[in-house]
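Here's a quick briefing to read with the model open in your viewer.

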Amino acid sequence: MTATTSSSAATGTPSPLTDATRDEASLRRFLHGLPGVDQVGVEQRAAGLGTRSIKKAAKLWAIDTAISMVDLTTLEGADTQGKVRALAAKAKRPDPERPDTPRVAAVCVYPDMVETAVEALRGTGIHVASVATGFPAGRTSREIKLADTKIAVDAGAAEIDMVIDRGAFLEGRYLEVFEEIRAIKAACGSAHLKVILETGELATYDNVRRASWLALLAGGDFIKTSTGKVSPAATLPVTHVMLQAVRDWFVQTGELRGVKPAGGIRTTKDAIKYLVAVHEVAGEQWLNPDLFRFGASSLLNDLLLQRRTQADGHYSGPDYVTVD
C-alpha cells in the first residue's frame, strides 16, 4: 500500500477542515453542515450502475483487478495457526494451476494471529492486516483499544482495521470519536489505518457521510463499511456515499484515501458492480488495491471460478478451487 499523508500540517489541509476539529461545537457544525444525501437519488444511481454490461476482455480485467483487491479474511473464534497458514498459501497462489492469477492484497486476522501470518507471507509483498480496538463491538476502554493495536503492530501488521464507537457517534459525541481515531492512528506508527464505520448501525446515509468525513478528518487511510458481523453490511448505495466522501476529500486536500466495502460481497457479478461504482463515482485512479479493497473470503472462490470460465470458455465447478 502506498503512503497517504494524513497530517494536516504536512499536507496543507485547507483551514476550514482544520478549524472543524477545534472543539466539539466546531466539529458538530461542520459535520451537520455537510450536504444531505438524496436517498432516492443515491439508490437509483447505484441500481443504474449495477446494470452496466461488461464485455469479455474487460470482464477478465475486472476479475483480475478484483482478485488483487481482496483482503482474504478469517475472523473466527476457532481460528488456528494452521488455518492462517493455509489462508496465506491461498493468498500467495489463489489458483495453483494458473500461475498468472494475481495475488490478493492482504490477509486479515486477529492480533494474536498476526505473527503467524507475517511469517507465512514474508517476502511476498502481501500485506498482513489485523482487526483491533475490541473488534467487532468496540465496547472496551481506550487503553485496551490502544493495547490491542500495539499488539498487532508489534507483531508486524502493516494495516490495522479499527472499529469506531458507534454509540458515541450516534449520541453526537463526535469529538470523542475523532480523538479516539487520532489516538489509534498514532499507535499505528507506519501501519495504515482502516476505520470501520459499521454502516448497518448508522441508520441513515447522512450519518454514513458524517462518519466518513469524521474518519477522514481524524487521519484514517481507508474508510471501511463493516465488520461483517452486522447486517446489513456493505451495500452499493452506502459505498457510493463513501466513495463520494474520498473523492471530495481529494478535491479539497489533494490527499488520496481509500474505501473498503466488507461483508456480503460474494459473487463476481457483485464485485464488478462495485468496480463500476468506483470508476464512476470516485474515478479511475481508485481502481487499484492501494485505494480500494474488498473485505471478503468467499468472494475469492467465485472470482477464481469465473476467471477460469472466461479463460477456458466453459464453466469450472467448485472442486477446482480450494475451500476456505
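What follows is a short tour, grouped by topic. Keep in mind that this is a predicted model.

**Helix packing**

- Take α11 (residues 205-217) and α12 (residues 236-253): they pack at about 40 degrees, with their axes 9 Å apart. That angle makes α11 oblique to α12, and the crossing of the two is right-handed.
- On the α11 side, the contact is made by Y205, V208, R209, S212, W213, L216 and L217. The α12 side brings in P237, V238, V241, M242, Q244, A245, V246, D248, W249 and Q252.
- Sorted by class, the contact of α11 with α12 has twelve nonpolar, three polar and two charged residues.
- Now look at α5 (residues 56-68) and α13 (residues 268-282), which pack at about 90 degrees with axes 10 Å apart. So α5 is roughly perpendicular to α13.
- Here K59, A62, I63 and A66 of α5 touch T268, A271, I272 and L275 of α13. By class that contact comes to six nonpolar, one polar and one charged.

**T149 in its helix**

- T149 sits in helix α8 (residues 142-154). It counts as buried because its relative accessibility is 0%.
- Setting aside neighbours within four places in sequence, T149 is in contact with A132, T133, I160, I184, A187 and C188.

**Salt bridges**

- The count comes to 27 salt bridges.
- One of them pairs the side chains of E97 and R308, at 3.1 Å from N to O. E97 lies in the loop between α6 (81-92) and β2 (106-109), while R308 is in helix α14 (residues 298-312), 211 residues apart.
- D161 and K194 form a salt bridge at 2.9 Å, N to O. D161 is in strand β4 and K194 in strand β5 (residues 192-196), 33 residues apart. D161 counts as buried at 0% relative accessibility, and K194 is buried with a relative accessible area of 0%.
- Through shared partners, salt bridges join D71, E159, D161, K194, K224, K260 and R293 into one network.

Conventions: Residues are numbered from 1 along each chain as its sequence is written. This is a predicted model: local features need pLDDT of at least 70, side-chain atom pairs count only at pLDDT 80 or more; totals for chains, interfaces and linings use all residues. Side-chain values use heavy atoms; hydrogens and water are left out. Axes are lines fitted to C-alpha atoms, for helices over the stretch in contact, and angles run from 0 to 180 degrees between N-to-C directions. Helices (H or I, at least four residues) and strands (E, at least two) are DSSP runs, numbered from the N terminus. Angles under 35 degrees count as roughly parallel, over 145 as roughly antiparallel, 65 to 115 as roughly perpendicular and the rest as oblique. A crossing is left-handed if the near helix is turned anticlockwise from the far one by less than a right angle, and right-handed if clockwise. Contact means heavy atoms within 4.5 Å. Ala, Val, Leu, Ile, Met, Phe, Trp, Tyr, Cys and Pro count as nonpolar, Asp, Glu, Lys and Arg as charged, and the others, Gly among them, as polar. Buried means under 20% relative accessible area, exposed over 50%, partly exposed in between (1.4 Å probe, protein chains only). A salt bridge is a side-chain nitrogen of Lys or Arg within 4 Å of a carboxyl oxygen of Asp or Glu.
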